[in-house]
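Colleague: I have not looked at this one before. Can you walk me through a few spots?

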Amino acid sequence: MSKPSNPSVSTIKMPKQARSTALVEAVLEAAVQVLRAEGAARFTTARVAERAGVSVGSIYQYFPNKASILFRLQSDEWRTTSELLRGILEDSTLAVPERLRALVHAFIRSECDEAQVRLALSDAAPLYRDAPEAEVARADGSVPFHQFIRSALPDADEATCELTADLIETTLTEVGSSFSEVTRSEAEIVAYSDAMANMFCAYLGTLEGRVSA
């Protein structure tokens with residue numbers, strides 16, 4: 001039995017006129033509101049259309065299905081986070097440990113902000129996670145961090161850099177997601193971020209020692 005093909009999660013067309021752009025923005029804002037109110041399980045195109053005050057047909061001009069709406073929200077979130085972290089990682093005025101610490105603090109805080117929508121998008125991930133577009137978006141988001149690790153460990157071989165980048169990135173993503181499932185105070189966010197940053201910096205320090213030995 002052949003494996004079913006993944007549904008497209010790309011937008012059908014990009015809005016070119018101000019009116020069309022406003023419609024897409026209204027749909028995406030309504031989608032966020034539906035996610036907050038209903039969660040991923042009850043998320044439907046009809047509910048988004050009702051909340052946005054537009055027809056379902058209008059939505060289908062730009063989004064072929066509900067998975068494409070959810071993926072657009074997720075990819076926008078990935079892009080925003082990636083741009084934030086890229087700015088930190090490429091700040092050559094800071095030493096490597098300072099950049100890593102700033103990265104951890106910024107990421108954990110971003111996970112805690114809008115956590116409800118993030119968790120709902122995570123629940124909806126099976127609808128789009130295997131789509132080629134999702135794989136490309138995830139890969140693009142990982143590039144800045146992998147480049148940072150290579151610059152932090154200039155004498156390490158490629159396999160070590162890849163393993164280190166994957167380990168830290170995966171740990172940060174998974175633990176950050178779990179941490180944000182509960183509403184956190186400012187003190188908790190700072191303390192948790194400090195602890196994770198200490199762990200990652202110690203790990204990088206150990207690798208540097210091994211490579212230079």
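Colleague: Is phenylalanine 71 buried or exposed?
Modeller: This is a predicted model. In it, phenylalanine 71 has a relative accessible area of 8%. Buried means under 20%, so phenylalanine 71 counts as buried.

Colleague: Which residue does phenylalanine 71 form an aromatic pair with?
Modeller: With tryptophan 78, in an edge-to-face pair. The centres are 6.5 Å apart, with 75 degrees between the planes. Tryptophan 78 is partly exposed, at 25% relative accessible area.

Colleague: How many aromatic pairs does the structure hold?
Modeller: Three. One of them joins phenylalanine 179 and tyrosine 192. Their ring centres are 4.1 Å apart and the planes are at 20 degrees, so this pair is stacked.

Colleague: Where do phenylalanine 179 and tyrosine 192 lie?
Modeller: Phenylalanine 179 is in helix 8 (residues 158–179), and tyrosine 192 is in helix 9 (residues 186–212). The pair therefore ties together parts that are 13 residues apart in sequence. Phenylalanine 179 is buried, with a relative accessible area of 3%, whereas tyrosine 192 is partly exposed at 32%.

Colleague: Changing topic. Which residues of helix 2 are buried?
Modeller: Helix 2 covers residues 45–52, and Thr45, Val48 and Ala49 are buried there. They span an arc of only 100 degrees around the axis, so they sit on the same side of helix 2.

Colleague: What covers the buried residues of helix 2?
Modeller: The cover includes helix 1 (18–38), helix 3 (56–60) and helix 4 (66–89).

Colleague: And what follows helix 2?
Modeller: Glycine 53, with a positive phi near 75 degrees.

Terms used. Residues are numbered from 1 along each chain as its sequence is written. This is a predicted model: local features need pLDDT of at least 70, side-chain atom pairs count only at pLDDT 80 or more; totals for chains, interfaces and linings use all residues. Side-chain values use heavy atoms; hydrogens and water are left out. Buried means under 20% relative accessible area, exposed over 50%, partly exposed in between (1.4 Å probe, protein chains only). Helices (H or I, at least four residues) and strands (E, at least two) are DSSP runs, numbered from the N terminus. The arc is that of the directions from the helix axis to the C-beta atoms. Contact means heavy atoms within 4.5 Å. Rings of Phe, Tyr and Trp (its six-membered ring) pair if their centres lie within 6.5 Å; planes under 30 degrees apart count as stacked, over 60 as edge-to-face and the rest as tilted.
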